[in-house]
Amino acid sequence: MIIVPEAVIADLITPEASFTAVERVFASMAARSAYNFPVIREAIGHADALYGFKSGFDRAALNLGLKSGGYWPGNAAKGLTNHQSTVFLFDADTGKCRAVVGGNLLTALRTAAAAAVSVAHLARPDAKVLGIVGAGHQAAFQLRAVAAQRPFEKIVAWNRSPEKLETLRGVADELGLGFESVSIEDLGGQADVIITITSSHDAILHGAQVKPGTHVACMGTDTKGKREVDNDLIAAATLFTDEVAQSTTIGECQHAIVDLTIRPEDITELGAVINGDHKGRTSAEEITLFDGTGVGLQDLAVASAVVDLAMSRGVATKVDF
């Protein structure tokens, strides 16, 4: 069995490699050569933690396994990341455990890569202003990954606590992009691409605030009850997702499904666009929305890439198991 600890992963995987791995997963899912197993996510009644499993199998890449982990809100005070996870990969031919991989950085990279893939395939080619809603740990990863997909000139950002946006300002400076802290109304009025990455349970961004032609990637909603945008925006947009079953139950579209604003058949898998089976954006005025719920196959894909890199560079540990 191969062990790749969290400490070595940052030197192995790049945002570009994560993008490629996630894009291939979306394509494989849409081609029905890969599928995710039902998600388990529970409040464990201790430390206010949410814990669960995401798993699946990709027949094309032979990636079989699961990510185990969740959210411990008290970890920051202990000097730890609130999100904690580990990826387990299994040999598809024998069922033997192939590898154990630290999953914290990989989760951040694959989440950012999913948003970036949606921007690459759905945003207007001339998008110039990128809006970021949220300033938590994941926001900087989103900014770096998405900024590479279009010729952006400016970042506009909003957070409930504006002072927390300084980290994003620093990233924008690194990328040579202008940065402005704005109201949510100004963000919607300026941005050509909007990334929402919060843990909100109430709609932050509303349909009336988003201008025609915008691409919105909702990346924060992955649990029942969470919500980042209102049903007016869902109704106005052409909808895409990583997996329809998750979008309608734990993703951003869950509320619009309950209210009968949309039906499951109104949502298209992003992989269908990648594979050329759906046109994606059809006009410069169309609002497109990607509901990124996070699927286990993304974790398996980036973890598998990390294992290969770790073995080739001699930084993995092999143990008998």
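Predicted model: local features only at pLDDT ≥ 70, side-chain atom pairs only at ≥ 80, totals over all residues.
## The largest pocket

The largest pocket has a volume of about 1200 Å³, and 49 residues line it. Among these lining residues, Tyr 71, His 83, Gln 138, Ser 199 and Lys 226 are the ones that lie nearest the centre of the pocket. Two or more lining residues are given by each of strand 3 (40-43), strand 4 (50-58), strand 5 (63-71), strand 6 (83-90), helix 3 and helix 4 (137-147).

## The second largest pocket

The second largest pocket holds about 200 Å³ of space, and of the 13 residues that line it, Ala 21, Arg 24, Ala 61, Asn 63 and Ala 301 are the closest to its centre. The elements that give two or more residues to this lining are helix 2 (15-30) and helix 11 (296-313), with helix 2 giving the most, namely 6 residues. Sorted by class, the lining of the second largest pocket has 7 nonpolar, 4 polar and 2 charged residues.

## Nonpolar cores

The largest nonpolar core has 65 residues, and within it Val 101 and Ile 195 touch the most other members. Helix 3 (residues 104-122) supplies the largest share of this core, with 11 residues.

The surroundings of Val 101 can be set out by name. When its neighbours within four places in sequence are left aside, Val 101 is in contact with Val 4, Ile 9, Thr 86, Val 87, Leu 106, Ala 303, Val 306 and Val 307. Of these partners, Thr 86 and Val 87 fall within the residue range of strand 6 (83-90), Leu 106 within that of helix 3 (residues 104-122), and Ala 303, Val 306 and Val 307 within that of helix 11 (296-313).

## Cysteines

The count of disulfides in the model comes to 0. Cys 253 is in no disulfide, because the nearest cysteine sulfur, that of Cys 218, is 8.0 Å away, whereas a disulfide requires a pair of cysteine sulfur atoms within 2.5 Å.

Cys 253 counts as buried because its relative accessibility is 1%, where the cut-off for buried is under 20%. Cys 97, at 13% relative accessibility, therefore also counts as buried.

Note on methods: Residues numbered from 1 in each chain as written. Heavy atoms only, no water. Core = buried A, V, L, I, M, F, W, Y, C linked by side-chain atoms within 4.5 Å. Buried < 20%, exposed > 50% of the residue type's maximum accessible area, 1.4 Å probe, protein only. Helix = DSSP H or I, 4+ residues; strand = E, 2+ residues; numbered from the N terminus. Contact = heavy atoms within 4.5 Å. 1 Å grid on protein atoms, 1.4 Å probe; cavity = no way out; pocket = protein on both sides within 12 Å on 5 of 7 lines; lining within 4 Å. Points joined across faces, edges and corners; volume = space filled by probe spheres on them. Nonpolar A, V, L, I, M, F, W, Y, C, P; charged D, E, K, R; others polar.
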